[in-house]
Amino acid sequence: MKQNDEDKEPHKDGVITTQEELEGFLIVRAILHEVVDVSRVVHRDTKSYFGILLDDNNRKPLCRLHFNTAQKYIGLIGPDKSETRYPIQGINEIYNFSKQIKETLERYNIEQQAS
């Protein structure tokens, strides 16, 4: 690896997990720590986005981080499981979406109780 790539973790499939994505993941876990065991909150990186999931289940996305372009976005998951992207300037702005991320988690908890 080149020296300027020290903050990146390459995978054989071409997916690169950056330090900034991992820090964003830790922020989401910090947001959710009061309402869920954070060991249930995991990440899964893809070429197009960095997904943060509940129970390592791709049917339970909590949010997505789109940090692979000049403009960074957070993708929030709606009740119909569609994603809406919001531009952010830096990872600390993830805290501004705490309410929406907690609401997404709550929807999954309600679904689980209903089944």
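Contact here means heavy atoms within 4.5 Å. By that criterion, and not counting residues up to four places away in sequence, Lys60 touches Ile52, Leu53, Leu54, Asp55 and Tyr108. This is a predicted model, in which local features need pLDDT of at least 70 and side-chain atom pairs count only at pLDDT 80 or more, while totals for chains, interfaces and linings use all residues. Residues are numbered from 1 along each chain as its sequence is written, and side-chain values use heavy atoms, with hydrogens and water left out.

- Helices (H or I, at least four residues) and strands (E, at least two) are DSSP runs, numbered from the N terminus.
- Two strands pair if DSSP finds at least two bridges between them; S4 and S5 do so in the antiparallel sense over four bridges.
- S5 and S6 also pair in the antiparallel sense, over four bridges.
- Arg64 in S5 is the bridge partner of Gly51, and Arg64 also stands opposite Gly75 in S6.
- S4 and S5 form a hairpin with six residues between them, and a hairpin of five residues joins S5 to S6.
- Five of the six residues of S5 are buried (under 20% relative accessible area; exposed is over 50%, partly exposed in between, with a 1.4 Å probe and protein chains only).

- Ile52 is found in strand S4 and is buried, with a relative accessible area of 0%.
- The C-alpha atoms of Ile52 and Cys63 are separated by 5.5 Å, although these residues are eleven apart along the chain.
- Not counting residues up to four places away in sequence, the contacts of Ile52 include Gly24, Phe25, Val28, Val41, Lys60, Leu62 and Leu65.
- Lys60 is located in the loop between strand S4 (50-54) and strand S5 (61-66), and Lys60 is buried at a relative accessible area of 17%.

**Positive phi angles**

- Most residues other than glycine have a negative phi.
- Asp55, in the turn of the S4-S5 hairpin, has a positive phi of about 60°.
- Asp56 has a positive phi of about 50° although it is not a glycine; Asp56 is placed in the loop between S4 and S5 and is partly exposed at 45% relative accessibility.
- Lys81, in the loop between strand S6 (72-77) and S7, has a positive phi near 65°, and its relative accessible area of 39% makes it partly exposed.

**Aromatic rings and charges**

- Tyr86 lies in strand S7 (residues 83-88) and Phe97 in the loop between S7 and helix H2 (98-114), so the pair ties together parts that are eleven residues apart in sequence.
- Tyr86 is partly exposed, with a relative accessible area of 34%, whereas Phe97 is buried at 12%.
- A charge sits over a ring if NZ of Lys or CZ of Arg is within 6 Å of the ring centre and within 35 degrees of the ring normal.
- The charged end of Arg64 sits over the ring of Tyr49, 4.3 Å from its centre, and that of Lys72 sits over the ring of Phe67, 5.9 Å from its centre.
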